[in-house]
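Student: I would like to go through this model with you. Can we start by looking at it?

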Amino acid sequence: MNHWLFKSEPSTWSWDDQVAKGDAGEEWNGVRNYQARNVMRQMKVGDRGFFYHSQDQKAVVGLVEVCAESHPDSTAADDKWDCVDIRALKPLPDPVTLAQVKDTPELADMALVRQSRLSVQPVRPEEWALICKMGGLAD
DNA sequence: GCCAACGTTGGC
DNA sequence: GCCAACGTTGGC
């Protein structure tokens, strides 16, 4: 299983919005960046991801699961843009902030730090495990 | 509100 | 194909 990170501005689409969609999940649409699109094209059903709030909160706040593989983005005018569907799994008991990530040497190479503008990113297995632990989840 | 990083566009 | 101009994102 691979791991990912989905970044969103809470004022546009928040963790609460995602939770409200329940197990049916929702399209992660609106991405208009080739690199982020290409990351989504690699995703498989059942892969897990972090849900990250940018702007005010700047923290990983929950876990999501990919529930539909890459397909055309229903909000795109042309056929260049694809997206996956994700559903909320559970919140992190203790959201892991960007400051904490930056203060952790093992996480210094994360795309979240290195490439702050990329909205959909891959996460390494060891990064996944560590952030889950820091967030208060056994596994 | 500012600025750095970076992606896109358009002129040449 | 290069590069300057410009727009957007996101952290501070």
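Predicted model: local features only at pLDDT ≥ 70, side-chain atom pairs only at ≥ 80, totals over all residues.

Student: In what order do the elements of chain A run from the N terminus?

Tutor: Elements here are DSSP runs, numbered from the N terminus: helices (H or I, at least four residues) and strands (E, at least two). Chain A has five helices and six strands. Their order is β-α-β-α-β-β-β-α-α-β-α.

Student: What is the radius of gyration of chain A?

Tutor: It is taken over C-alpha atoms, and the globule rule is 2.2 Å times the number of residues to the power 0.38. For 139 residues the rule gives 14 Å, and chain A comes close to that, so it is as compact as a globular protein of that length. The radius of gyration is 14 Å.

Student: Which strands are the edges of the sheet?

Tutor: Two strands pair if DSSP finds at least two bridges between them. The six strands form an open, mixed sheet in the order S2-S5-S4-S3-S1-S6. Two of them pair on one side only: strand S2 (26–27) and S6.

Student: Which residue in S4 is the bridge partner of Tyr 52?

Tutor: S3 and S4 run antiparallel and are joined by six bridges. The partner of Tyr 52 in S4 is Val 60.

Student: Within what arc do the buried residues of H5 fall?

Tutor: A residue is buried if 20 or more other C-beta atoms lie within 10 Å of its own, exposed if 12 or fewer, and partly exposed in between, with C-beta atoms placed from the backbone. In helix H5 (residues 125–134), the buried ones are Glu 127, Trp 128 and Ile 131. They line one face of the helix, because the directions from the helix axis to their C-beta atoms fall within an arc of 100°.

Student: Which exposed residues does the face of H5 turned away from its buried side carry?

Tutor: The buried side is covered by elements including strand S1 (3–8) and strand S6 (120–123), through contacts (C-beta atoms, placed from the backbone, within 7 Å). The face turned away carries Pro 125, Glu 126 and Lys 133.

Definitions and conventions. Residues numbered from 1 in each chain as written. Chains lettered and ligands numbered in written order. Contact = placed C-beta atoms within 7 Å.
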